[in-house]
Amino acid sequence: MSQLTESPAWKALQAHFDEVKNVHMRDLFAQDERRFQKFSTKMDDILLDFSKNRITDKTFELLVNLAREREVEQWRDRMMSGEPINISEFRPALHTALRNRSNTPVMVDGENVMPKVNRVLEQIRYFSERVRGGHYRGYSGHLITDVVNIGIGGSDLGPHVVCDAMKPYAQRGMNVHFVSNVDPTHLTEILKFVQPESTLFIISSKSFTTQETMLNAHSARDWFVKLTGNQKAVARHFVAVTTNQQAAADFGILPENMFEFWDWVGGRYSLWSAIGLPIVLYLGMERFEAMLEGAHAMDLHFANTPLEKNIPVILALLGIWYNNFYDAQSHAVMAYNQYLRRLPAHLQQLDMESNGKTIDRNGNRVDYLTGPIIWGETGSNCQHAFFQLLHQGTKPVPADFLAPAQSNNPLGEQHCILLSNFFAQTRALMQGKTEAEARAELEAAGMDEDKIREVLPHKIFEGNKPTNSIIFEKLDPRTMGAILAMYEHKVFVQGIIWNINSFDQWGVEYGKQLADDIYVCLHEKGDASCYDSSTRGLIEHAMNLNFTD
């Protein structure tokens, strides 16, 4: 057995789970008029209501005990002070330094990294203001009206979710597009809608060797040169976010248009760095800084708030409760805001790439479940898609519901109806519908007894389905920053409790390795006999279908 599952706090939770696993939330609410007050907390205007969870006072106390026993507070302080907690890559995980608006020193190998962070922020400010103000133009004098970000993973998902979410704050006449997939269709379809003389391409790759990104970058450059007939103009229309300045220069990018970030910035935590350049071009530096301020406010909340009132910690502990004790292998995220439609995709990478691990920090295989499957959709669309499974399915699915109190686009009664659905769904999932209640409804509708007996079983809802409700005043840059930082810290806390390194992703690297080998075989129409029969058969079938390179 592992150190975690043999720990006193874990054993206490297991014994408690056996006592309360069949308790219904409907009864817990009936027994305690102050349940909402006890099980809710705030940071600025962000309210977390976690009262609709299968917990009692004792459950919550034991979960907090687990966090303390696993030294969450100490690990939090180690991360934020710049210690190399990414043990398999021997480096810090200092995304919090990128949004350190207090500008307090953060030391890495004896050096305060804040001057570097501030220097790059000023470089981004200068460049973005010139582009947005019309001083930096295309090679033929045209204003830059379209920004195409070429990246993948964190170099795509983070900036993409922010630009989608912050559309109400974008500069009029400025459009941003994201290319990530190596499928040529992705780039081709975007290039149909932009003109070379007014388009700026951002190549986001730490190493400037990422296969998918560089293939798309070279294809975009070829398209640009073919249409303009001007190789030298590449320097005017392509910029790079990278640590590999020589490779960027070889591509044709000027040194002043290279934006640096560092090894201690993980990809899925990188939108706060120069990877956020498309955000700044789209929204402006002032709004990007408001995002940084919101994230920093959440960092301070995470660092200074007692665990019992600490939003990221509470979300993490509830996730542990369902993942490891109720065997809930997935977690749903429902944002009742159309601008947040990309949030589940961003959180999938953040959570599943961070905590999808079977090996702990000591190199041992874990004997408990780690990261859950993250999925979701926008409300109220999701209610007409997969909510049937949430309400009456056989799988436990804890869920987060997020919503703003105010809409960015007031339109008649629609936002009121949206929030009504938000509140109704979490209530329905919690309380369910008993047989007596279902029968009373059918009788009130005038249904005869024979039909009631036939229909009644299908109208019963067990309820007792856990949800967290996260409500904020309005979706603006500051709130967006705080929400994203909230989820980053939640994932970190769970990784600490599970004793895994949340900051590497060797599984991703292995798939890339194999793809490089197979590419040689496909590209050169080579011998596939070295592969297993399935892979060999698939390669040969593709070749027989006149595969084209």
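At what angle do helix H5 (residues 72–81) and helix H21 (residues 477–498) pack? Their angle is about 120 degrees, and their axes lie 10 Å apart.

## Basis of the model

This is a predicted model, in which local features need pLDDT of at least 70 and side-chain atom pairs count only at pLDDT 80 or more, whereas totals for chains, interfaces and linings use all residues. Residues are numbered from 1 along each chain as its sequence is written, and side-chain values use heavy atoms, with hydrogens and water left out.

Two packed helices are described by the angle between their axes and the distance between the axes. The axes are lines fitted to C-alpha atoms, for helices over the stretch in contact, and the angles run from 0 to 180 degrees between N-to-C directions. Helices (H or I, at least four residues) and strands (E, at least two) are DSSP runs, numbered from the N terminus. The packing of H5 and H21 at about 120 degrees makes H5 oblique to H21, given that angles under 35 degrees count as roughly parallel, over 145 as roughly antiparallel, 65 to 115 as roughly perpendicular and the rest as oblique. The crossing of H5 and H21 is right-handed; a crossing has this name if the near helix is turned clockwise from the far one by less than a right angle, and is left-handed if anticlockwise. On the H5 side, Val72, Trp75, Arg76 and Met79 meet His489, Phe492, Val493, Ile496 and Ile497 of H21, where contact means heavy atoms within 4.5 Å.

Helix H16 (residues 343–355) also packs with H21, their axes coming within 10 Å and crossing at roughly 20 degrees, and H16 and H21 are therefore roughly parallel to each other. H16 passes H21 in a right-handed crossing. Residues of H16 that meet H21 include Leu343, Leu347 and Leu350, and among their counterparts in H21 are Leu484, Tyr487 and Glu488. Glu488 of helix H21 counts as buried at 1% relative accessibility, where buried means under 20% relative accessible area, exposed over 50% and partly exposed in between (1.4 Å probe, protein chains only). Leaving aside neighbours within four places in sequence, Glu488 is in contact with His95, Arg99, Tyr269, Trp272 and Leu350.

## Helices H22 and H23

Another pair is formed by helix H22 (residues 506–523) and helix H23 (residues 533–544), whose axes come within 11 Å and cross at roughly 35 degrees. H22 passes H23 in a right-handed crossing, and Ile518, Cys521 and Leu522 in H22 meet Thr535, Ile539 and Met543 in H23.

## Aromatic pairs and charges over rings

A pair of aromatic rings is described by the distance of the centres and the angle of the planes. Rings of Phe, Tyr and Trp (its six-membered ring) pair if their centres lie within 6.5 Å, and planes under 30 degrees apart count as stacked, over 60 as edge-to-face and the rest as tilted. The structure holds 30 aromatic pairs. In one of them, the rings of Phe17 and Tyr326 have centres 4.8 Å apart and planes at 90 degrees, so the pair is edge-to-face. This pair links distant parts of the chain, 309 residues apart, with Phe17 in helix H1 (residues 8–20) and Tyr326 in the loop between helix H15 (311–325) and strand S10 (330–335).

Phe387 is in helix H17 (residues 387–392) and Phe401 is in strand S12 (residues 399–404), so the pair ties together parts that are 14 residues apart in sequence. Phe387 is buried, with a relative accessible area of 2%, and Phe401 is buried, with 0%. Elsewhere, the charged end of Arg221 sits over the ring of Phe251, 4.3 Å from its centre, which requires NZ of Lys or CZ of Arg within 6 Å of the ring centre and within 35 degrees of the ring normal. The charged end of Arg35 sits over the ring of Phe29, 5.2 Å from its centre.

## Two further buried residues

Ala165 is found in helix H8 (residues 154–165) and counts as buried at 0% relative accessibility. Ala165 and Arg342 are 177 residues apart in sequence and 8.0 Å apart in space, C-alpha to C-alpha. Phe60, in helix H4 (residues 57–69), is buried with a relative accessible area of 12%.
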